[in-house]
Amino acid sequence: MPLLGTGTRILLFHKWRFTVASCAIAVAVTIMFTEMGFFFGILDSQTNITGLVNGDLVVMHRTRTHLNKWDSLERIRLQQIQALPGVKEVLPIYSGGIALTNPKTGKTTRIIGFAFPPDSMPLKLGQTDIAIRQLKQSHTVLFDRESRSIYGDIKTGQQIELDGIQYRVGGFISMGPNIINDGAVVMSDGNWFRDRRSNKPIMGIIRLKNKSNTHQIKEKIHEIFNRELLVFTPDDLRQRELHYTIKAAPIGIIFGIGMLAGLVIGISICYQVLFTTISDNTRQFATLKAIGFSNFYLLKIILEQAILLSFFGFFIGFFITSQIYDIIGTQTALIMQLTSARSIFILLLTCIMCVLAGLIAMRKVIRMEPAELF
Amino acid sequence: MGATNIKQENFEAINKNASIAVEALDVDYTYGSGSAQRQVLTGNNFTLNASEIVVMTGPSGSGKTTLLTLIGALRAIQGGSIQVLGQSLSGLSSKQRQQLRKNIGFIFQDHNLFESMTARQTLALAMQLFRDRYTTDDKINRPLEMLETLGLGERIESQPGNLSTGQKQRVAIGRALINNPKLILADEPTAALDKGSGQKVMELLRLRAEKDQASILIVTHDQRILEFADRIIEMMDGRIINATC
């Protein structure tokens, strides 16, 4: 059995042309990857906090339609929920916008503050025990190391000003910004109450006792408090935030059109390459038809070329994309991830793109009249 | 061979008892339609027997190539009937004609080889027409044997860019013969060849006709190859006007 098929041999015969064609298809692949990267980057960033929940359920005021809305709930509701059978504890999280002034630069920018009882750890923020101890100290905050660089170079022990009040940076946590919030600081609820007016939490993290049925308790809370509160599992909350983000902001349409543009560009490029290959071998293809090869066999030759171009174009585009994602991630702090599922999706799209181009190019072969060879 | 003028109406008497590869009766063909219609073949009768080499000659536009393409099932029949290897071509679909053509060896004036394929790969590709017929050993050895027979034993892995015109045409002939067709149709097979190469090509075809009982129809203007013909058919204005043994 030959190692290479007829289509592969024809395509690889002109190595330089093949390389250029693969690179051109890689451009289309990169466009699709980048558009998808931005789309998921925004979604992942907006829903990031749902993945940090260190509990079984999340409760919020029902008017808090998305996570960047700061509607708070009554503290007593958390205590009432804690009294329900099966509930182990309910941890409050306080949050709001804060003006951060970097004393070195004098620049003031908005940052999101989160506060909770230091030992409760309602969010998984990658903090160390030392950092937790720091959190208990007065006028001490932990800074999100993944915040955007607009806050300057923040170091442990540095003094920063939050709403005009001096704080010391006691250490770092990992949270990540989104498209609205550029960074975050975390402090104890004691520091929060002392320096701010509102003592109403924006959400409560519910931890259940062992062997409690999450769904049943969720339904119970909903039954009692549905006029005022909403309760979610972390996954439900993520889905709700995804749907809100896609619906409220036209990012789906914007980046979807971008991906479609990449797809169309890829089809055009691949079609041109295959069309040129067929044109350069018109008499040869017509000869194959004359001697008895079917259109289906010739289609297999064309599709073999299309798939080869798609694979080479994909891998070159994948490499370029990884570099672009690194740059975008570093510059914008958006979560740009090249996951296996997304990569396979783009690979499939690339193959479909090139196969479509091959099917269109095949019309030239079908129209060939082998009798014209004589 | 003695040259005897045979009238067209006596075709059926010739070699009546030999097996017949091609039988054409009252074949007409017209190009175009309406006012642009042009009749290129009129009432042609033709028979090609097993092991026979027939050369068809005539001026350009006489219809010989059109008749060749009809016999080769490359065009659908319009008027008359043609039987090829026992199969009537009347009413065949495009797909059925394509299937029939697998059993015919075609030799074109231009070799039409893929530049990217070696001589061996070209012949191996042609064998794909009858993939199920060949063992794995056949698929490896048969192209090599054919190329050796064609005097290309040292050019097996050469691509067309490294072959002379004569060598390329021999590869093309190998492609036509690799599946042992009982009918071979050739259009100006020696036009681009020098005397020596043309002679070799015709000797190969003669050998195939004698050894494998293949029937060979050659359309040509090349006077050099007439000596190889069992019969010479002359066409003019869409009709067979003369047949010479």
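**Group meeting: a two-chain predicted model**

I'll start with one backbone detail: just after helix H1 of chain B, B:Ala73 has a positive phi of about 60 degrees. Helices here are DSSP runs of H or I with at least four residues, strands are runs of E with at least two, and both are numbered from the N terminus.

Some bookkeeping. This is a predicted model, in which local features need pLDDT of at least 70 and side-chain atom pairs count only at pLDDT 80 or more, while totals for chains, interfaces and linings use all residues. Residues are numbered from 1 along each chain as its sequence is written, and chains are lettered from A and ligands numbered from 1 in the order in which they are written.

Back to H1 of chain B, residues 64-71. Is that helix covered or open? Mostly covered, with eight of its eight residues buried. Buried means 20 or more other C-beta atoms within 10 Å of the residue's own; exposed means 12 or fewer, partly exposed is in between, and the C-beta atoms are placed from the backbone. The buried residues of the helix include B:Lys64, B:Leu67 and B:Ile71.

Next, strand S4 of chain B, residues 53-57, where five of five residues are buried. In a regular strand, side chains alternate between the two faces of the sheet. In S4 of chain B, B:Ile53, B:Val55 and B:Thr57 point one way, B:Val54 and B:Met56 point the other way, and all are buried. Which strands pair with S4? Pairing requires at least two DSSP bridges between two strands. S4 of chain B runs parallel to strand S9, residues 215-219 of chain B, with four bridges joining them. It also pairs in the parallel sense with strand S10 of chain B, residues 231-236, over four bridges. B:Met56 has B:Val219 as its bridge partner in S9, and stands opposite B:Ile233 in S10.

Now chain A, which has eleven helices and nine strands. Its radius of gyration is 29 Å, well over the 21 Å that the globule rule gives for 374 residues, so chain A is more spread out than a compact globule. That radius is taken over C-alpha atoms, and the rule is 2.2 Å times the number of residues to the power 0.38. Along the principal axes, the C-alpha atoms of chain A fill a box of roughly 95 × 50 × 35 Å. Buried residues make up 43% of the chain.

The domain assignment, automatic or from a database, gives chain A domain 1 (6-46 + 250-373) and domain 2 (57-232). Their centres, over C-alpha atoms, are 47 Å apart. Five residues of domain 1 are in contact with six of domain 2, contact meaning C-beta atoms, placed from the backbone, within 7 Å.

How many residues does each chain give to the contact between A and B? Chain A gives 18 and chain B gives 22. On the chain A side, the elements giving two or more residues are helix H1 (6-13) and helix H9 (282-290).

Last, one residue: A:Met187, in strand S7 of chain A, residues 184-188. Why does A:Met187 count as buried? Because it has 27 C-beta neighbours inside 10 Å. Leaving out residues up to four places away in sequence, A:Met187 touches A:Gly113, A:Ala115, A:Leu135, A:Val141 and A:Trp192. A:Ser95 is 92 residues from A:Met187 in sequence and 10.0 Å from it in space, C-alpha to C-alpha.

How values were computed: Two residues are in contact if their C-beta atoms, placed from the backbone, lie within 7 Å.
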